[in-house]
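This report concerns the disulfides and the nonpolar core of the structure shown below.

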Amino acid sequence: MKLTLSALTLALAALPELASAGFAASCSWSWQEPKYVVATCAKKDGTPWRTRQDMNLCVGVDQLTGRLVSRDTGNAFIECWDTRKDGNTDLKSTCWNWHEEEVRGNLNIDAFMQNLDGWLWCHGHRSAPY
């Protein structure tokens, strides 16, 4: 099967938007208990768009260490508490580890969250209007 140059150019042009993480540069956000990132993000045309992402769809807990990890449908905020925004890219939370000890840790959510035309995305999950 041959790809024409124009088809290949169009396909490559779509890749950065689909593959790049890093929502913090184009969004302002806050943590909303019990499990949400609420963000106002710039759409492609520059207009603001407000959404809310259920972070139980994006973050889990490493059971051995008790630390937050990027994980599809991880349900971290069933097990973690005292969660808050830390800086412009991190969530800080307290969770239980395997030995039932409290562990306080950070997770850089900018590493796996995306702003795609105003919507937050993580692991294939799109945020909801807010």
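The model is predicted: local features need pLDDT of at least 70 and side-chain atom pairs count only at pLDDT 80 or more, while totals for chains, interfaces and linings use all residues. Residues are numbered from 1 along each chain as its sequence is written, and side-chain values use heavy atoms, with hydrogens and water left out.

The structure holds 3 disulfides, each a pair of cysteine sulfur atoms within 2.5 Å.

| Disulfide | S to S distance |
|---|---|
| C27 to C41 | 2.1 Å |
| C58 to C122 | 1.7 Å |
| C80 to C95 | 2.0 Å |

In sequence order, the bonded cysteines pair as 1-2, 3-6, 4-5. The link of C27 and C41 is right-handed, with 110 degrees about the S-S bond; C27 lies in strand β1 and C41 in strand β2, 14 residues apart. Strands (E, at least two residues) and helices (H or I, at least four) are DSSP runs numbered from the N terminus. The torsion of C58 and C122 is about -50 degrees, so this disulfide is left-handed. It links the loop between β3 (48-54) and β4 to strand β10, across 64 residues. Both C58 and C122 are buried, that is, under 20% relative accessible area with a 1.4 Å probe, protein chains only (exposed is over 50%, partly exposed in between). C80 and C95 form a right-handed disulfide, with a torsion of about 110 degrees.

The largest nonpolar core has 23 residues; such a core joins buried Ala, Val, Leu, Ile, Met, Phe, Trp, Tyr and Cys residues through side-chain atoms within 4.5 Å. Among the residues with the most contacts inside this core are M55, F77 and M113. Elements giving two or more residues to the core include β1 (27-32), α2 (76-79) and β10 (119-122).
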